Amino acid sequence: MRFAADDRPPGAVSAVIGVQTAILVTVPVVVVTTIVTRIADQSDAYLSWAIFASMVIGGLLTILQAKRLVGIGGGTLTVMGASGAAIGVGVLALVAGGPALLGMLVLASGLCQLALAARLALLRRVITPVVSGTLTALVAATVIPMAFAMLARVPASAPPAAAPTVAAVTMLCVVGIMLRGKRWVRAWNPVIGMGAGCATAALFGILDFGRVAAAPWIGIPTPPVSGLDLSLDASFWLLLPGFLFVSFVITVRQVGENVRMQRLSGPEPRAIDFRRVQGSVAACGGGTLLSGFAGVLPPWPYLAGVGLASGAGIAARRIGAYIGVSFIALAFVPKITALVLSIPAPVLGAYMTVLFGIVFAQGMRTLFQEGIDQQYALVAGLAFWIGAGIQFQAIFPAYVATPTGRVLANGLTVGGLTILLLHLLLDVTGPRRHRVEVALRAESLSELDRFLRDFAARYRWSRKATDRLRAAAEETLLSLLRQEEEGLAPAPGERRLRVVARNARSGARMEFTAATHEGNLENQMVLLGDQPDPASQRDLSLALLRHHAASVRHHQYHNVDIVTVRVNRT
């Protein structure tokens, strides 16, 4: 770790990294926006405006994510830009009603995202590695057909070998640098790879930089005059489910990105602060509202932040602010945009194939990172291939082509709904949940103990396992109480504690839900070390909790505090 989240790197270092990263991120923003605009057959004027607005909004959000103002933002180095998950639904909206309809649908998505941010705690059983990993893989499956189509898109006068040769050179260069290039070379991989592809395209005579020569150095595109489509006609309601689902996918991606960045932002492991996760989702939702008013694609987090933190050890929030400022500045340089737009389609298609291949692999890694049983493996595999079949028009193509079936024409929507419904089915039909609600005070320990003894007897736990379950619950309750006694959570009234226990084959899972306070049991257990202070009741309680429980997770949200304790049965 060269620069942790709260470090302040020298201004020159921050500026260089900020400009370099902003230039690299400009490429995917322009590529995603160009793909949607070209497939939907929109004008060059709208394309210029969409790129400009997406870059400005992405820069503002990158600054907000780094600075975290009044609880909005994740407080991490998170680079934001136009969402690749919205390519499919964005094309449908532009074809059906142009930028006016797209803006209204994105606006509705932003309101949905803000609602999800406010109630993120309720989604903790839905946003699981199985769901988020499958959705990430589906994003790649949704976009990759468009990338394949671009591989062969060359002028009619081009030689037959032009498209495959240009695509092969680009892909080999990008993949070779990823596999064997040095760290500083990998940082410039998109520029080098696409530069090699453009040089090859020039040899075949299919590279035209006339757009670059004609573009001014400084300028602001004219925004579309269509405004927002307030008629809310049939096209709006037909496409709305797809956009709302894409907003959910973006929320899942934003949650995962902020969690990863929190883990990478410091030299020592700390518990995830889900209040920052909520702030990052809220910032993304605010950016989605801005995108709706501008009539462009919604934003989501890019891999640049995680790449800097994991590859270069750079996670300083100050650098995130420099990236955002540089990103906004580049939006006012039309020559940069024109340069990216002049890249031949086979070059962009080859780069996208590699990029979304990595996205697919990341989804699979998320899916299997904690291990899944046969049931969830079946659910994930079935949902993915249903979504892929719809996207590749291999499942009921005649029906999907009808006006009614267009609502199911997007593989991300269909596959995502499949994984959610099957995941909820497994959750609802799983072991029964047992609940008890008590006052958060020491006198409630006897009532909690009686509840757990009845729970263990119902499922025929051994005496030793029952004692371990009761002890873990007791130490959790005492740890929560001790935080109040130490002045960490002064409460004006009596706090209530709800405990939910659920039996499983390997043991039990208990959730302790109470009003929010400041202390975090996960962090305290990390700081406890291997030799707790025998004179400290807090250290002793935490040591006992760590001994009896298989795992302890403390998720803090703005409106609720949840401690999850898992106890093994054997």
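These notebook entries record what I looked up in a predicted model of one protein chain.

**Entry 1. Ground rules**

I worked with a predicted model, in which local features need pLDDT of at least 70 and side-chain atom pairs count only at pLDDT 80 or more, while totals for chains, interfaces and linings use all residues. Residues are numbered from 1 along each chain as its sequence is written, and side-chain values use heavy atoms, with hydrogens and water left out.

**Entry 2. The chain as a whole**

I began with the secondary structure and noted 21 helices and seven strands. Helices (H or I, at least four residues) and strands (E, at least two) are DSSP runs, numbered from the N terminus. I then looked up burial: of the 570 residues, 55% count as buried. Buried means under 20% relative accessible area, exposed means over 50%, and partly exposed lies in between (1.4 Å probe, protein chains only).

The accessible surface of the chain comes to about 25000 Å², and 62% of it belongs to carbon and sulfur atoms. Such areas come from the Shrake-Rupley method with a 1.4 Å probe; for residues, only the protein chains shown count as cover. I also looked up contacts, meaning heavy atoms within 4.5 Å. Among contacts between residues at least 6 apart in sequence, 80% join residues at least 24 apart.

**Entry 3. Helices α1 and α13**

Two packed helices are described by the angle between their axes and the distance between the axes. I looked up both values for α1 (residues 11-39) and α13 (residues 334-341): the axes come within 10 Å and cross at roughly 65°. The axes are lines fitted to C-alpha atoms, for helices over the stretch in contact, and angles run from 0 to 180 degrees between N-to-C directions. The contact is made by T26, V27, V30 and T34 on the α1 side, and by I336, T337, V340 and L341 on the α13 side.

I recorded the crossing of α1 and α13 as right-handed. A crossing is right-handed if the near helix is turned clockwise from the far one by less than a right angle, and left-handed if anticlockwise.

**Entry 4. Q113**

I next turned to Q113, which has its place in helix α3 (residues 87-118). Q113 counts as buried because its relative accessible area is 0%. Leaving aside residues up to four places away in sequence, I found that Q113 touches S247, I250, T251, V281, C284, G285 and T288.

**Entry 5. Two residues with positive phi**

I noted V70, which has a positive phi of about 45° although it is not a glycine. V70 is found in the loop between α2 (44-67) and β1 (80-82), and V70 is exposed, with a relative accessible area of 82%. L69, V70 and I72 form a nonpolar patch on the surface, with about 300 Å² of accessible area together. Patches are made of residues with over 30% relative accessible area and no salt bridge; like charges are joined within 9 Å, nonpolar side chains (Val, Leu, Ile, Met, Phe, Trp, Tyr) within 5 Å.

I noted R460 as well: it is not a glycine, yet has a positive phi of about 55°. R460 sits in the loop between α18 (445-458) and α19 (463-485) and, at 75% relative accessibility, counts as exposed.

I counted five salt bridges, each being a side-chain nitrogen of Lys or Arg within 4 Å of a carboxyl oxygen of Asp or Glu.

- D449 forms a salt bridge with R453, with the closest N and O atoms 3.0 Å apart. The two are four residues apart in helix α18, so they are separated by about one helical turn. D449 is buried at 18% relative accessible area, whereas R453 is partly exposed at 37%.
- R470 forms a salt bridge with D449, with the closest N and O atoms 2.6 Å apart. Because R470 lies in helix α19 and D449 in helix α18, the pair ties together parts that are 21 residues apart in sequence. R470 counts as partly exposed, at 27% relative accessibility.
- D467 forms a salt bridge with R470, with the closest N and O atoms 3.4 Å apart. Both lie in helix α19, three residues apart, about one turn of the helix. D467 is partly exposed, at 36% relative accessibility.
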